[in-house]
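Please keep the sequence and the structure at hand while reading.

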Amino acid sequence: MKRWDQRASVIGVVLGILVVAAALRMELGAWNSPGPGFLPAGAGILLVILSVAYGLNARWTTDPERARQPSPWIIEHWRRVVSVLVALLLYALLLDTLGYLIATFLLMVVLLRVLEPAGWPMTLLAATLIAGATYVVFGKWLMVQFPRGILGV
Amino acid sequence: MDLAGNVLAGFQVSLQPINLLYAFFGAGIGTLVGVLPGIGPAGTIALLLPLSLGMPPVSAIIFLAGVYYGSMYGGSTTSILVNIPGEAASVVTCLDGYQMARQGRAGPALGMAAMGSFIGATLSIVGLMLIAPLLAGVAREFGAPEYFGLVCLGVMMLVYLSRGSVLKSLISAVAGLILSFIGQDLFTGDDRFTFGVVELKDGLGLVPLFMGLFGITEVLANLEAPIRRQVYDARLKNLFPTAKDWLDSRGAILRGTGIGFFLGILPGGSAMIASFAAYAAEKMFSRHPERFGTGVIEGVAAPETANNAAAQGAFIPLFALGIPPNVAMALLLGAFVLHGIRPGPLMMEQHPQIFWGAVTSMYIGNAMLLVFNLPLIGLWVRILKVPYKMLFPLILLFSVIGALSVRYSPFDVVVMILFGAIGYVLRKMEFEATPLVLAFILGPMLEQALRQSLIISHGSFTIFFTRPIAAVCLGLTLAIVIANLVPLLRAGRKVIAAQETGD
Amino acid sequence: MKARLSIVASIVVLVVLAVVLSRSPLAAAEKYPVRPVELVMPFGPGGSLDLQARALAAVAMQHLGQPFVITMKPGAGGTIGTAHVARSKPDGYTLLLTATGPMSISLQLEDTGYTKDSFIPIALLNLTPPVVAVRTDRPWKTLEDLLTHIRANPARVVYGTTSVSGLTNLANHMLLQGAGIQASLPTVPFKSVGDQLLSILKGDTEYMVQIHSGLAAYLRSNQIRALAVLSEKRFPVMPDVPTAKELGYDVVASQWMGVLAPKGTSPEVVDTIAKALGKMVKDQSFVTMATKMDIPPAFLQPAEFQEFLEREYQKYGVAIQRAGLKKK
């Protein structure tokens, strides 16, 4: 954990520097009339300082209890987490192309099979029901404007 | 006409069967909308406006107002059950409410949320009746410097929201602050951090942000565990808050009402900020602050009471000043206007029956909501028994719909998912999402108030000291900083001492 | 076997053709409109445009034969929704309901994704003027008083606005220039009219230029005083307030609401909508609602609207240059 803390603090420092760099390209203004870049620059600097403190704190102090904990990145079912994330991202990116109804149907099929898959008939039925029901309830009754895909739904 | 006479006249209007019906439907729809993530009272009121055009003015107001304060009841439901805030004002309820649900105490959490909401709302309505004009006067005293002072105080609350390392909370907060800069600068119109992406011109959406960080992250975190371990403790311990729960919460309820009402009055103050502030204040005054975040009942009572108190308080600037403090109220103002009434300084004189009719109807509506919501607790709790393999796709889908319902833009869905991933990483590294969200909200307010103040004062910082309210708030902020700094310094000294003696 | 296959294949082809053709303009050319017409509003809920849109939608069905479905696409001062319509199919089922800002001003300030030629103007539906207002207890009773005060010490007069790159702020620039005031005033931006009003009442800002409908309640209760309206003629709702023009300052900068269609929409469609709108604007219930909002209806036909827009574009183009508001 300690090592990860230190690595994270480096990321924080880098991000902070990037923010300051971007902020400097905007008008900073003066102390008594701050421009758009003023507070972002300040925030970036703060991030750098805090990240350094965080890294040093991780380096110099040892909490015996935390040291005994395994790395947080050893995840028993990481495949599940990754596949759900990937599925969600693809869904979001394809939402406009496929339209809500189809995209949601596909998403539900994938998600329902992540934990203890129940066999294809059940999965397909559930996916259809869920996609269809939400389309009607939210799309028609509650007037949420769902994205329409190439087939117009 | 004296107060009692006004109230009586008001009840004569609001107790008419047709208005009772409108109150019921309005509050009912509001609750439903509050439960559903993403779709908020503002969008719903916008949808219902055309419908309300056919109603007599007072009925229209009763109906639409019901939607607004009703949504403050429903928002906590999903927060508690699945860690997804149904409403921005219910984000903080997730902290302890969800933990309670995992421990099998979803019933008491939901019950306390409902009852705290009722108490907060009712006491606020009393305030609204008694001192609306006076409070309006207070609201008018708040200019940019005063807001700056208040928001600084709010930023201090950040410190109190952290469960773990203060340093990590601060980093989260600064990250939230930086994220809040994305978008068009109010003052110059320049684009900040938008990288040419058109959808970022208005900044990151708050709803996709917190739904990703709270809802999606939670699902991802739950997926990594083996199926054998239950997400929710199957043994249900009581369906309603116990006597002990009530005892523990009495301070939270009272303080929550006060904080909520006060913040609700201010144009720009909101139910969401009230909920954060009440939670933080409760933790600040608690004898066991370290237990907050593990599932303490006060952690639910405080924000839920506050957000309803704030929602009722929000009617004051609308009725007495004609200035809507948020989007939903702006729509209500529109409804008024379409019916030919102009809320504001003259409304109470020119249309007393509308004012008192609406206000008394709020009592009735809140009472209905309490009666309505309590039996539903049994139903909600049953939802938790659905096997997680079916539940989590539904949770994710509702989050998606919620994100879509803000701007109908798939971009927001992408943002939500990205923040779900980011939230997951943050959680692994033991960072907290709450300070990030709070800083994201308060950051722009702080910057705006600061820059506005400096323009008004022609560049002089003394404005913050010559204006009494601002000075008081800043003074309090400083006091809290110092009070917190002392123990930190002591701890720091210990670390250095330990270093010197060789770890 | 082969025969069956070819029969199935032909049926499939026919079905596909049917689906495809039913979506083509040929089928829809029957009698426009055959389905609800989407009216895209590039602003969020609650504003005066939203209310007017709903008032319009309430009377649409009777005069058009189909309802208006209002779609909100807010963001970036109205430019996101406007750009969206510019890119939409010009089949007459997606129209833009918008105001001055995105059409005449924003596109001259930055790259919005559309130009003034991206649309076919259909009709203008109303005109509301900005009002120059101060708190009632301030010593300036006329516009001239205020301008003299500003001329004397521009750096000390704090001015508040809700639209840094929008209509009312530009109108203010035009006014100041007309008065010969070159220096820029300390300008406090606000997110809403409410904040702007509170600031005036508190005394943090000295004066404001804002569309009348946002100020109506405070004008009526006499907490703020209108010094002038920035319209061609006196505003019927406030007949005692002179126009800036009368007082010698030729600043006309009214906010308008109108309907436009994406370029390429057929002239028949434009004509149908224009006629229907013309009737809607005279519809009694619409007039009643509009009057309650203090926004008297007006009407300009497509050709007149086109000319109007051209003039507006020129007028604001000149003002933007003179005010030195850079084009990003």
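## Polar contacts and the predicted model

A polar contact is a pair of N or O atoms within 3.5 Å; within protein, one of the two must be able to donate a hydrogen and the other to accept it, and residues adjacent in sequence count only if both atoms are side-chain atoms. The structure discussed here is a predicted model. Across the interface of chain B and chain A, three residue pairs are in polar contact, with both residues at pLDDT 80 or more.

## The interface of chain B and chain A

On the side of chain B that touches chain A, at least two residues each come from helix H8 (166-180), helix H9 (206-223), helix H17 (388-407), helix H18 (410-428), helix H19 (433-456) and helix H21 (468-500) of chain B. Of these, H17(B) gives the most, with 13 residues. Sorted by class, this side of chain B has 42 nonpolar, four polar and eleven charged residues.

In total, 57 residues of chain B are in contact with 61 residues of chain A. The area buried between the two chains is about 5400 Å², and carbon and sulfur atoms give 80% of that area.

## The salt bridge between the chains

How many salt bridges are counted between chain B and chain A? The count is one salt bridge. Its partners are B:Lys168 and A:Asp5, whose closest N and O atoms are 3.6 Å apart. The pair crosses between chains, from A:Asp5 in helix H1 (residues 2-24) of chain A to B:Lys168 in helix H8 of chain B.

Over all chains, a search of the whole structure finds 27 salt bridges.

## The sheet of chain C

Chain C contains an open sheet of five strands in the order E7-E6-E8-E5-E9, with mixed pairing. Strand E7 (187-189) and strand E9 (224-229) of chain C stand at the edges and have a single partner strand each, so one side of each is left without a neighbour in the sheet. On average, neighbouring strands of this sheet are turned by 30° against each other, direction ignored.

Strand E6 (residues 159-161) of chain C runs parallel to E7(C), and three bridges join the two strands. In E7(C), C:Thr187 is the bridge partner of C:Tyr159.

## Helices across the sheet

Helix H7 (residues 167-178) of chain C lies across strand E5 (130-135), E6 and strand E8 (207-211) of chain C, and runs at about 125° to E8(C). Helix H9 (residues 212-220) of chain C lies across E5, E8 and E9 of chain C, and runs at about 120° to E8(C).

Terms used
Residues numbered from 1 in each chain as written. Chains lettered and ligands numbered in written order. Predicted model: local features only at pLDDT ≥ 70, side-chain atom pairs only at ≥ 80, totals over all residues. Heavy atoms only, no water. Contact = heavy atoms within 4.5 Å. Buried area = accessible area lost by both parts, 1.4 Å probe. Salt bridge = Lys/Arg side-chain N within 4 Å of Asp/Glu carboxyl O. Helix = DSSP H or I, 4+ residues; strand = E, 2+ residues; numbered from the N terminus. Nonpolar A, V, L, I, M, F, W, Y, C, P; charged D, E, K, R; others polar. Pairing = 2+ DSSP bridges. Axes fitted to C-alpha atoms, helices over the stretch in contact; angles between N-to-C directions.
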